[in-house]
Amino acid sequence: MSEKIAVIYSDKYLLHETGSHPESPIRVKKAFKLIQESQIAMEDKIIILPPLKASQEDVLKIHSGELLETIRRLSMAGGGLITLDTVISPQSYEVALLAAGGVIKAVQLLLKDDFKKAFALIRPPGHHASFNRAKGFCLLNNIAIAAKNALENGLRRILIFDWDAHHGDGTQEIFYDSPNVLYISIHQDGRTLYPGTGFINEIGRGEGRGFNVNIPLPPQATGRAALQAIRELVKPIIEQFKPELIMVSAGYDGHYADTISDLMFTTDTYYEMARILSSEADKYANGRIIVALEGGYHLKYTPLSILNTIHGLIKEKIAYKDKKMGRQPAIERYVEATIIKIKKILSEYWSF
Ligand SMILES: [Zn+2]
């Protein structure tokens with residue numbers, strides 16, 4: 001049986017202008033149109049809601065005042081580059097607060113029990129933004145700001161699962177010492193892709209040891225590898241951690257048609273990952289799962305992958321079936337060996 005899902009969106013997300021950059025307004029515009037015109041929207045299973053605007057106070061629990069002020073000043077001054085790959089336009093400061101506020105809105109809807117599932121169709125993305133730095137197309141760390149909001153509302157165990165092709169170095173850094181936020185990232189190996197972090201021995205620090213899990217995949221790995229890692233590593237950890245809320249940093253740049261990474265996921269991969277995590281949320285988190293957009297730059301497959309994610313979250317049948325990927329014996333063996341290594345490293349904290 002399927003249920004309703006909140007989709008958080010505003011046209012104001014289009015006002016963060018990036019010029020000829022892959023992280024363009026058209027990505028979310030096209031995704032929103034596809035969602036609006038979908039069969040499940042016609043059947044009233046999707047409720048579109050506007051974001052909140054994050055307050056300065058919300059942001060300053062995660063980021064430095066210096067960073068927030070730099071973004072504000074650069075926006076006021078008409079924009080510019082905050083790092084070589086990360087653009088600021090006149091409206092970017094406001095839009096960044098709305099992106100973080102989009103995920104806060106989702107947290108609040110779920111905590112009020114108005115919804116169990118939410119998709120925050122936001123931009124700019126957030127998972128590379130760290131305490132003191134905006135980078136990698138990200139200004140503020142949206143999911144971290146919202147997770148902090150959930151912690152302050154009394155939650156004690158939050159899982160952030162990050163399936164963007166890039167490692168979420170910002171999110172990892174922010175919660176590296178925390179046993180309350182378990183960060184698990186599956187991404188293309190940092191030796192072959194930005195930001196060059198996310199190795200298996202990065203497992204957290206102090207009380208946070210064991211609460212940071214990285215699953216690097218080699219270039220060309222398909223969704224089969226990701227699903228295998230989820231079955232063998234992520235599910236057992238979820239079953240022991242028992243999160244009260246699952247949050248997903250959902251980048252779609254691991255799709256085979258997305259030229260920014262070398263992963264070979266399909267739209268089906270995102271459907272399957274969403275379906276599995278949604279079932280885990282049903283088992284342990286009172287059904288609560290929030291998916292927030294990160295990367296994903298292909299103008300056809302990112303929207304389709306987002307729609308498939310929504311279908312997976314509410315257990316509808318798949319919306320768009322992609323092409324089938326062939327078996328890759330060498331890569332599969334490599335991934336299997338990586339999984340064994342990760343299990344060994346984490347065996348002090350989790351049993352497999
Ligand atoms: Zn990415």
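Tutor: Happy to! Keep in mind that this is a predicted model. Let's start with His-166 and Asp-253, which are both buried.

Student: What makes His-166 and Asp-253 count as buried or exposed?

Tutor: Buried means under 20% relative accessible area, and both residues carry that label. They also take part in a metal site: the zinc ion is coordinated by Asp-164 (OD), Asp-164 (OD), His-166 (ND1) and Asp-253 (OD), at 1.9 to 2.8 Å.

Student: Why is the site of the zinc ion called irregular?

Tutor: The angles among its four donor atoms run from 52 to 152°.

Student: What spacing do the donors of the zinc ion follow along the chain?

Tutor: The spacing is D-x1-H-x86-D. His-166 sits in the loop between strand 6 and helix 7, and Asp-253 in the loop between strand 9 and helix 9, 87 residues apart.

Student: How do you know whether helix 8 and helix 11 are roughly parallel or antiparallel?

Tutor: They pack at an angle of about 15°, with their axes 10 Å apart. Angles under 35 degrees count as roughly parallel, so helix 8 and helix 11 are roughly parallel to each other. Their crossing is right-handed.

Student: And why are helix 9 and helix 10 described as roughly parallel?

Tutor: Their packing angle is about 25°. That value is set against the cut-off of under 35 degrees, and helix 9 and helix 10 are therefore roughly parallel to each other.

Key. Residues numbered from 1 in each chain as written. Predicted model: local features only at pLDDT ≥ 70, side-chain atom pairs only at ≥ 80, totals over all residues. Heavy atoms only, no water. Donors = N, O, S within 2.8 Å, 3.2 Å for Na, K, Ca; no water. Tetrahedral: all angles 85-135°; square planar, octahedral: opposite > 155°, others 65-115°. Helix = DSSP H or I, 4+ residues; strand = E, 2+ residues; numbered from the N terminus. Buried < 20%, exposed > 50% of the residue type's maximum accessible area, 1.4 Å probe, protein only. Axes fitted to C-alpha atoms, helices over the stretch in contact; angles between N-to-C directions. Parallel < 35°, antiparallel > 145°, perpendicular 65-115°, else oblique. Left-handed = near helix turned anticlockwise from the far one by under 90°.
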